[in-house]
Structure formats: C-alpha cells, structure tokens
Amino acid sequence: MDMGRESRWEKDAATVEIVFAFVTAAVLAGVIFAAAWALVSVLDLSGSAGRGVLAGGALLGAVAGVWRLVRVLLRFGEQRRMGH
C-alpha cells in the first residue's frame, strides 16, 4: 500500500460520513421548519405574523442545519487525524 494515498475503505468511510452529515443536517432543518409551521397552524397566525414565524423557522433551520453539517465533518476530520 502506498503511504501517501487513501485506501478504498478510507474513501468509502469519508463518503458515508459526508452523506450522513448532509442527511442529518437536512432532517434537523426540516424538523425546525416543521415546528415553526405547526406553531403557525396551531396558533392560527396569519398575515405578517405567520410569515415572520415561518421566515424565522426557515432561518433557524438553515443555521442549525449548517451547524450540524460542520460539526459532523469536523468531528470526522479529527477522528481521522487521530487514526480512528
């Protein structure tokens, strides 16, 4: 094995981790937006109040999704450098 190259297993592990990061980030963002949507529905908000809550939910969901994506990928990079 060439010391400077990644093995097939390492490439596959990186691919799985990237997909995991994207899927969990999307699910987290979706759950947060769904909670905002449910809040609008339950409280029967309309007009600018409803739009504001949905916009806030979308923004919060996007921020949480990006946070999750970065956190998972950084953790994977750390583990990889440590040899785990």
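The model is a predicted one, with local features needing pLDDT of at least 70 and side-chain atom pairs pLDDT 80 or more, while totals for chains, interfaces and linings use all residues. Residues are numbered from 1 along each chain as its sequence is written, and side-chain values use heavy atoms, leaving out hydrogens and water.

The chain holds two helices and zero strands (DSSP runs, H or I of at least four residues for helices and E of at least two for strands, numbered from the N terminus). Its radius of gyration is 19 Å, well over the 12 Å that the globule rule gives for 84 residues, so the chain is more spread out than a compact globule (taken over C-alpha atoms; the rule is 2.2 Å times the number of residues to the power 0.38). Along the principal axes, the C-alpha trace spans about 65 × 15 × 15 Å. Buried residues (under 20% relative accessible area, with exposed over 50% and partly exposed in between, 1.4 Å probe, protein chains only) come to 21% of the 84 residues.

Helix 1 has 36 residues and reaches 52 Å from first C-alpha to last, close to the expected 52 Å at 1.5 Å a residue (that is, 1.5 Å times one less than the number of residues). Its buried residues, among them Ala14, Glu17 and Val40, pack against helix 2 (47-82). After helix 1 comes Asp44, with a positive phi near 55°.

Val19 sits in helix 1 (residues 8-43) and counts as partly exposed because its relative accessibility is 48%.

Notes: Contact = heavy atoms within 4.5 Å.
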